[in-house]
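Hi everyone, and thanks for coming.

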Amino acid sequence: MATLGAHDRKHKVTVVGSGNWGSAIAKIVAENTAANPSLFDPLVEMWVYEETLTLPTSSSHYKADPSSAHATTPQKLTDLINHYHENVKYLPNIALPPNLHANPSLTASVQDASILIFNLPHQFINKLCVDMAGAILPYARGISCIKGVDVTATEISLFSESIGEKLGIYCGALSGANIANEVALEKFSETTIGYDPPALDSRAPTPKEGRTPQQSQLDLTKITDYDEEQEERHRNAKGVASKVKLTRPPEELPVADHELFKTLFHRPYFHVHVISDVAGVSLGGALKNIVALTAGFVSGLNWGDNAKAAVMRVGLLEMVKFGRVFFAESVKAATFTEESCGVADLITSCSGGRNYRCAKMAVEKGVSVEVVEREELNGQILQGVGTCREVNGFLKQRGKEAEFPLLTATYRVLQGEAKVQDLPDLIERPYHNNKSKHPRYKDAANDAAIPIAPQLRAIPQSPILSQFHDVTPFPMARPKQTAKAVRLPRKASGKQVPTPSSTQKSGFMAVNHPPASLSAAINQPPPSAQINQPPTSPPVTTSSSGDSSSSDEGLNVTPSKRIKQEPFQSPNKKQKLSQKAKAPVDSIYNTKIISILVGPHKQAFGIHAGLLSKQSSTLASYVQNMQENPGIAMVEKDGDPPLAEKYQIVILRTTNVLSLWIPHELPAIFTRINRWLYSSSLILVEAETLADIHWNMLIAIYLFSTRFGLVRLQNHCIDLTITKALSPSSSSSLPDADAINKIWKNDSNAVAMRQLLQALYARKSNLAKFMTNTPVSKSGGLNISFVKGLVIEQFHMLQDGKFEGKGEQQFWEHLRKKCHAHDETNPLEVSE
Ligand SMILES: NC(=O)C1=CN([C@@H]2O[C@H](COP(=O)(O)OP(=O)(O)OC[C@H]3O[C@@H](n4cnc5c(N)ncnc54)[C@H](O)[C@@H]3O)[C@@H](O)[C@H]2O)C=CC1
Ligand SMILES: O=C(CO)COP(=O)(O)O
């Protein structure tokens, strides 16, 4: 604990940066080092990017003594700061503590510091790290107050982490609703520190509250790729072991933990809340700057507070979503909605921040934001403009612009590609059937040469997907004579599978073998001889298709919930209800049938366009483009590199036939997905049960659903995984090492499944036996992250004996909900 006992050594603090916020934070820190001399060396260094200036005549120091040398001749900024104890350029009229020393030498200012506070515009930090590397103490720890994200052409990372990697240290983040001038005037505000202390720093690890440590049953010697050195590595915000090998701080130094940082930053007027979600803290500060520009744009048109509130609402949703999509391993939605660094910073920045004010003025004056920045800010530097461009480049590269309409629209306004007046339409949730009229799609739709809006271009193939090439065919289900207990009775769900088919037997239909007459219904002939065709009419169902919770092989953890008695209704009412429920389903079956080609050999499936669009906005975009912009299709040409090498989904033209080609997936997987699309069930034939669906197959379907945005299917797979794993009748009730490795190595989107598998293993398996018998995977061993997670799960499990009896059911029900992906239309609903 930071405050306990006297320490032989004290922390030395340096602030790197001395702008508006840099100086305000340096003031706070210097006040606190002076107040806590047992923990900190009171003298704080502040590195200043040196410049020469003349004291402004408006300065109180000039007025007090206009004839002094400091007032009459140009001076170094550091000299002025140290002479007047005021940063006359970047934080004028604020007295800085005498124990704060302005230092123009970067290396000299950082060389003795055990705590480094990085506080300067994000544009400069990477170069600065190069200059600083080698000059700092190897065991230093950092806090980044920078509001921005570190974006390269293909990757995104937090500045706290890129600083840490470049300097070989651990670095957290501080961000909040903190307009520097207000903080400097000691007007009350709150802030958030994100700090996830490296294991190396905790000298007396304390078990988490309410949890009883238990000895792990794992024999770690059995883990083939166990790497002791990895243990020393900190896990970054993406859940990956950091490249940095940290140096252990000397024993004599107070531990750099939450309490120490609270002591260093908390003031009566500046309230600090320390959390572990570094990504959430960093992203809030970076992305709100873009939203502040948007808010400034609409205010520049004098549209009033309602318009600004609308922008903030959408902005907050996109901030949460951004975190969830790109930092799914660590980010918490609550950081955006409950902490100062999230919603509070958004509000203050959209009220009086520099980004907001400059964007507003730019619209009012009819000039660019950069012109206003140069004319109005006296050397201060906006973060929103750079961040907006950098984030857009990244989203574009990932094909995700359309998923972040506000971030994208703001970029377009900034670039002069769209008008501020277009913003309301650009950020409106697109109405599915009317996308061609939507401004977000309009330009691209009119552009014959360039294929459509960026998100609809072929998605570059992720290297991860190629790993599926070497997958041997999944064991296909063998029809069995006896149904097993895991499958709930069909009537219990109130659903039936598609009906009118010659192949239908007692409620099951093999969608592989449709009646030949269907081919007439296909708008384009299939490119290959055999096409798997859909049923011509809708399944008889009274609830929306794809509602996984009610499908036949669904979760049976809480059977009482699943087997519902249909309440009595009068025949008339029943009829009306069923007609009402049937209407949207009918309209789906009136849509065209799309040709989907799967795998390198292009096995063809025919699927109703409406059905695909209903289940996945990603596929909906492709389907719409196939129909509305046939010119965008790609053609495979002899001699050209194969399209499949580059893309995971392609709109393809083969001898005048348009198809959607998914080259890297297996037809066997898609056969079941096709089945699910029409019946909400993955079961193919009557005698098959969930136990017959191989784990590899289930996991491959899950991965497919995460890649192609089939959220309901994704959730269904979560439910099935629990059902299958907990089923007493299943012979191999948990996935084997190959399946586990697949989920870890193949896709970072599979976070929920990872959590689930760890929990299932921790609670259900005989781990010792598993470690001895199972790790004979093709890849040679179990994924180390899985094993580590398992150890942690073990540690947390059986807490207070709650896991027994009813507690167990509640646990799985809770986990099931937690692992469910959330509806795109409501990204705030993220489970914690
Ligand atoms: N000003 C505010 O109200 C707040 C700012 N922040 C964040 O704090 C960070 C720092 O911003 P401010 O302190 O406000 O800076 P600022 O915008 O006030 O000042 C710019 C700073 O950059 C320095 N600089 C100029 N050229 C440089 C170069 N080539 N290399 C290195 N430094 C150079 C200047 O000397 C000056 O210190 C930003 O990420 C900002 O978003 C966070 C909360 C509040
Ligand atoms: O981050 C800030 C307030 O928390 C300040 O934002 P600006 O850089 O837009 O002034």
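Predicted model: local features only at pLDDT ≥ 70, side-chain atom pairs only at ≥ 80, totals over all residues.

Let's begin with ligand 1. How many residues are around ligand 1? There are 24 of them, and those that come nearest are N20, W21, A180, I381 and Q383. If you sort the shell around ligand 1 by class, you get 12 nonpolar, nine polar and three charged residues. The element that gives the most to this shell is helix α1, residues 20–35, with three residues.

Now for some polar contacts of ligand 1. One of its oxygen atoms sits 3.0 Å from a polar backbone atom of G22. An oxygen atom of ligand 1 is also 2.9 Å from a polar backbone atom of K147. On the nitrogen side, a nitrogen atom of ligand 1 is 3.0 Å from an N or O atom in the side chain of R354. And how much of ligand 1 does the protein bury? Taken alone, ligand 1 exposes 830 Å², and the protein buries 90% of that.

Let's move on to ligand 2. Here we have 13 residues around the ligand, and K147, K288, D345, R354 and N355 come nearest.

By class, the shell around ligand 2 holds two nonpolar, seven polar and four charged residues. It draws at least three residues from each of the domains, domain 1 (13–198 + 242–274) and domain 2 (278–428).

What are the polar contacts like here? An oxygen atom of ligand 2 is 2.9 Å from a polar backbone atom of N178. With D345 it is the side chain that takes part: one of its N or O atoms is 2.6 Å from an oxygen atom of ligand 2. For R354, a polar backbone atom is 2.6 Å from an oxygen atom of ligand 2. Taken alone, ligand 2 exposes 310 Å², of which the protein buries 92%.

Which elements give two or more residues to the shell around ligand 2? They are α11 (278–300), α14 (340–352) and α15 (354–365). Of these, α14 gives the most, with three residues.

Next, a quick word on cysteines. A disulfide is a covalent bond between the sulfur atoms of two cysteines. How many disulfides does this model have? The count comes to zero. Two cysteines to look at are C350 and C358. C350 has a relative accessible area of 0%, so it is buried. C358, at 4% relative accessibility, counts as buried too, because the cut-off is under 20%.

Now for the single residues, starting with D257. You'll find D257 in the loop between α9 (228–232) and α10 (258–265). Is D257 buried or exposed? Its relative accessible area is 16%, so D257 is buried. A polar atom of the D257 side chain lies 2.9 Å from the backbone nitrogen of L260.

At 17% relative accessibility, V711 counts as buried. V711 and Q615 are 96 residues apart in sequence, yet their C-alpha atoms are 7.3 Å apart in space.

Finally, two residues with a positive phi. N93 is not a glycine, but its phi is about 70°. N93 is in the loop between α4 (77–84) and β5 (100–103). With a relative accessible area of 58%, N93 is exposed.

E186, also a residue other than glycine, has a positive phi near 60°. Its loop runs between α8 (180–184) and β11 (189–194). Is E186 buried, exposed or partly exposed? Its relative accessible area is 41%, so E186 is partly exposed.

Terms used:
Residues numbered from 1 in each chain as written. Chains lettered and ligands numbered in written order. Heavy atoms only, no water. Near = heavy atom within 4 Å. Polar contact = N/O pair within 3.5 Å; in protein donor to acceptor, adjacent residues only side chain to side chain. Areas by Shrake-Rupley, 256 points an atom, 1.4 Å probe, with all protein chains shown as cover. Helix = DSSP H or I, 4+ residues; strand = E, 2+ residues; numbered from the N terminus. Nonpolar A, V, L, I, M, F, W, Y, C, P; charged D, E, K, R; others polar. Domains from an automatic or database assignment. Disulfide = S-S within 2.5 Å. Buried < 20%, exposed > 50% of the residue type's maximum accessible area, 1.4 Å probe, protein only.
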